[in-house]
Amino acid sequence: SQYVPGASRSWEGVPLAMNFFLFALLLLGAFTLATAHPGSGLHVARAIVALGAVEALYGLSTLKVQLPRMREQLAAGRLPLRDELASQLALDRIHSEEIYGTFEMANSYAAFLLVGILVLLGLWWDLRGARRPAAGEDRPPAVTRGDAWYALLLMLMLAALWKSVSKGGWSAGLLGLWFWGAQAAGREPKRARALGWLSAGGVAALVGLLALMAAGAISTGFLGASFGMRIEYWRTACNMISAEPLLGIGLGGFGDAYTQFMTPLATETRQAHNDWLQLWAELGVLGPLAWALRWGRVLRPGPALDTVPPPAQEPQDHAEATQAEDRAR
C-alpha cells in the first residue's frame, strides 16, 4: 500500500495496536503483582535470568553444533533445501558466525540477553549485600556456592552476547552497566542526585552527537557501513516527522511510507532502527513522550529485592512481654 497524506492509515496498524495493548496489559499486570506482593519480584527476576541462560545455551549450541553440521550436510548434498531454507537469508544465516537464538535478528537476541545479564547483576549485588554481618556477628565467607552459580550464568550469557556480534548490543551493554551501577551506588540521596545529573548529561551528550551525525556535521565512516545506513534510516524518519509532526503517519505506517520519504543513499527497510524516531514518525509527538515516561519509571531506583529471609528475632522473656502489654494498655 502507499501512504497518502490525510488518508486513512494502514491496516497494518490494527494487529500492531492489538499486540501493543496485550503487552501493555502484561506489563501492567506484572507491575501490579510486584507492587502488591514485593516478594514475587524476586521470583520474576530469577525467571528472567533463567530464560536468558536458556537462550544463551541454545545460541551457543546452535553456533558450535547445529550450524557446522548443517554446513557439512549442505556441502555433501545431504541437506534437503525446504522452503524455509531455500531463501538467501536462510543460507546466509547457515554460513554466518552470528548467534540469533530463537529471534530473527542478532540485535534482538543481544537485547534479550542484556536484560537477563543486568537482572542477574542486580540479584547478585543484593545477595552479597544481604550477607554483611551485623554487630557482633562473625564475618560471612567471601565466596559462597551462590556466587559460583551467578558467575557461571554470567559467563554463559556474556559469551553468547559476544558471539552475537551485535555492536548495538555491546554498546547498549555498556550503557546498561552505567545505569545499573548508578542505581546500585545511588542509595544515598545526595549521591543519587549527582549520579542522576551525570547520567542525564551523558545521555544528552550522546543524543547530541548522534544528531550531529544525522545532520551530516560529523562523518560516520569510522563506525562502519552498517551504522552509516542506520543514519540514513533516521534521516528518513525525520522526513516523515517533518510531514506529520503532531499525529504521525499511523501505527505500522513506516514501511508503507518509506519509499516516499527515503533518502537517496538509504536501502529498503520497514523499521527506523530507532525506537524514539519510529514512535514519533508513526504516533506523533506523544509517542516518544509516553516512551520517555515509561523508561523514567523503569530506571528510577527502587528497594533491593529480599534475596534472603530476615533473621529471626529472639523472643522476649515473660517479664519484658508483660511490661510491654502494660505500657500498651
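## Helices α2 and α5

Helix α2 covers residues 40-75, and helix α5 covers residues 145-163. Their axes come within 9 Å and cross at roughly 50°. That angle makes α2 oblique to α5. The model described here is a predicted one. In it, α2 passes α5 in a left-handed crossing.

Which residues of α2 and α5 make the contact? On the α2 side they are Val49, Gly52, Ala53, Ala56, Leu57, Leu60, Leu63 and Lys64. On the α5 side they are Leu153, Leu156, Met157, Ala159, Ala160 and Lys163. Sorted by class, this contact has eleven nonpolar residues, one polar residue and two charged residues.

## Helices α4 and α6

A second pair of helices is α4 and α6. Helix α4 takes in residues 106-130, and α6 takes in 167-185. The two axes come within 10 Å and cross at roughly 20°. Angles under 35 degrees count as roughly parallel, so α4 is roughly parallel to α6. The crossing of α4 and α6 is right-handed.

From α4, the contact draws on Asn107, Ala110, Leu114, Leu118, Leu121, Gly122 and Trp125. From α6, it draws on Gly168, Gly169, Ala172, Gly173, Gly176, Leu177, Trp180 and Ala184. Glycine is therefore found on both sides, with Gly122 in α4 and Gly168 among those in α6. By class, the contact of α4 with α6 has nine nonpolar residues and six polar ones. It has no charged residues.

## Two residues with positive phi

Most residues other than glycine have a negative phi. Val165 has a positive value, near 55°. Where does Val165 lie? It sits in the loop between α5 and α6.

At 33% relative accessibility, His273 counts as partly exposed.

## Glu232 in helix α8

Glu232 belongs to helix α8, which runs over residues 225-243. Is Glu232 buried or exposed? Its relative accessibility is 8%, and buried means under 20%. Glu232 therefore counts as buried.

What does the side chain of Glu232 join? A polar contact of 2.6 Å links it to the side chain of Thr263. Leave aside the neighbours of Glu232 within four places in sequence, and it is in contact with Thr263, Leu265 and Ala266.

## The chain as a whole

How many helices and strands does the protein chain have? It has twelve helices and zero strands. Read from the N terminus on, the elements run α-α-α-α-α-α-α-α-α-α-α-α.

The protein chain has 329 residues, and buried residues make up 28% of them. Glu232 is one of the buried residues.

Methods
Residues are numbered from 1 along each chain as its sequence is written. This is a predicted model: local features need pLDDT of at least 70, side-chain atom pairs count only at pLDDT 80 or more; totals for chains, interfaces and linings use all residues. Side-chain values use heavy atoms; hydrogens and water are left out. Axes are lines fitted to C-alpha atoms, for helices over the stretch in contact, and angles run from 0 to 180 degrees between N-to-C directions. Helices (H or I, at least four residues) and strands (E, at least two) are DSSP runs, numbered from the N terminus. Angles under 35 degrees count as roughly parallel, over 145 as roughly antiparallel, 65 to 115 as roughly perpendicular and the rest as oblique. A crossing is left-handed if the near helix is turned anticlockwise from the far one by less than a right angle, and right-handed if clockwise. Contact means heavy atoms within 4.5 Å. Buried means under 20% relative accessible area, exposed over 50%, partly exposed in between (1.4 Å probe, protein chains only). A polar contact is a pair of N or O atoms within 3.5 Å; within protein, one must be able to donate a hydrogen and the other to accept it, and residues adjacent in sequence count only if both atoms are side-chain atoms.
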